[in-house]
Amino acid sequence: MIYDKIKADRMLRVVVEVAQGAIDLAGRAGGEPSLRRPVLEAEKVMRGLAAKGDVDGMYHEYLRLLQAGH
(Lines give C-alpha, C1' and ligand atoms only; values in the text may rest on other atoms or scores of the structure.)
Protein backbone atom coordinates (compact mmCIF):
# COMPACT_ATOMS: atom_id res chain seq x y z
CA MET A 1 0.00 0.00 0.00
CA ILE A 2 1.11 3.51 -0.68
CA TYR A 3 0.62 6.09 2.07
CA ASP A 4 1.47 9.59 0.93
CA LYS A 5 -0.39 12.42 2.63
CA ILE A 6 0.68 15.07 0.10
CA LYS A 7 -0.38 13.01 -2.92
CA ALA A 8 -3.64 12.04 -1.21
CA ASP A 9 -4.44 15.70 -0.53
CA ARG A 10 -3.85 16.54 -4.20
CA MET A 11 -6.10 13.69 -5.27
CA LEU A 12 -8.76 14.82 -2.81
CA ARG A 13 -8.79 18.33 -4.30
CA VAL A 14 -9.65 16.80 -7.68
CA VAL A 15 -12.34 14.61 -6.12
CA VAL A 16 -13.92 17.59 -4.35
CA GLU A 17 -13.89 19.65 -7.55
CA VAL A 18 -15.49 16.86 -9.58
CA ALA A 19 -18.06 16.21 -6.83
CA GLN A 20 -18.98 19.89 -6.70
CA GLY A 21 -19.41 19.95 -10.48
CA ALA A 22 -21.64 16.86 -10.36
CA ILE A 23 -23.78 18.39 -7.61
CA ASP A 24 -24.08 21.63 -9.58
CA LEU A 25 -25.20 19.73 -12.67
CA ALA A 26 -27.63 17.61 -10.65
CA GLY A 27 -29.28 20.73 -9.24
CA ARG A 28 -29.91 22.40 -12.59
CA ALA A 29 -33.18 22.24 -14.44
CA GLY A 30 -33.32 18.90 -16.21
CA GLY A 31 -30.52 17.62 -13.97
CA GLU A 32 -30.46 14.39 -12.04
CA PRO A 33 -31.19 15.15 -8.35
CA SER A 34 -30.73 11.47 -7.45
CA LEU A 35 -26.97 11.88 -8.14
CA ARG A 36 -26.52 14.05 -5.05
CA ARG A 37 -26.51 11.23 -2.49
CA PRO A 38 -24.02 8.90 -4.27
CA VAL A 39 -21.73 11.86 -4.99
CA LEU A 40 -21.71 12.94 -1.34
CA GLU A 41 -21.14 9.35 -0.16
CA ALA A 42 -18.24 8.88 -2.58
CA GLU A 43 -16.70 12.17 -1.46
CA LYS A 44 -17.03 11.10 2.19
CA VAL A 45 -15.22 7.81 1.50
CA MET A 46 -12.46 9.62 -0.39
CA ARG A 47 -12.04 12.15 2.43
CA GLY A 48 -11.60 9.32 4.91
CA LEU A 49 -8.98 7.64 2.75
CA ALA A 50 -7.19 10.94 2.15
CA ALA A 51 -7.09 11.64 5.89
CA LYS A 52 -5.10 8.42 6.27
CA GLY A 53 -2.97 9.23 3.23
CA ASP A 54 -4.12 5.98 1.58
CA VAL A 55 -3.39 6.71 -2.09
CA ASP A 56 -3.92 3.09 -3.14
CA GLY A 57 -7.29 3.02 -1.41
CA MET A 58 -8.33 6.21 -3.17
CA TYR A 59 -7.29 4.78 -6.53
CA HIS A 60 -9.19 1.54 -5.96
CA GLU A 61 -12.28 3.45 -4.79
CA TYR A 62 -12.09 5.55 -7.96
CA LEU A 63 -11.98 2.39 -10.08
CA ARG A 64 -14.89 0.91 -8.12
CA LEU A 65 -16.97 4.04 -8.74
CA LEU A 66 -16.18 3.95 -12.47
CA GLN A 67 -17.26 0.33 -12.70
CA ALA A 68 -20.42 1.02 -10.69
CA GLY A 69 -21.37 3.67 -13.22
CA HIS A 70 -22.02 6.55 -10.78
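Biologist: Where do Glu43 and Arg47 lie relative to each other?

Modeller: Both residues belong to helix α2, four residues apart, about one turn of the helix; helices here are DSSP runs (H or I, at least four residues), numbered from the N terminus. This is a predicted model, in which local features need pLDDT of at least 70, side-chain atom pairs count only at pLDDT 80 or more, and totals for chains, interfaces and linings use all residues. Residues are numbered from 1 along each chain as its sequence is written, and side-chain values use heavy atoms, with hydrogens and water left out.

Biologist: Why does Glu43 count as buried?

Modeller: Its relative accessibility is 13%, and buried means under 20% relative accessible area, exposed over 50%, partly exposed in between (1.4 Å probe, protein chains only). Arg47, at 42%, therefore counts as partly exposed.

Biologist: Why is α1 called roughly antiparallel to α2?

Modeller: The axes of α1 (residues 5-27) and α2 (residues 36-52) cross at roughly 170 degrees and come within 9 Å. Angles over 145 degrees count as roughly antiparallel, under 35 as roughly parallel, 65 to 115 as roughly perpendicular and the rest as oblique, so α1 is roughly antiparallel to α2.

Conventions. Axes fitted to C-alpha atoms, helices over the stretch in contact; angles between N-to-C directions. Helix = DSSP H or I, 4+ residues; strand = E, 2+ residues; numbered from the N terminus.
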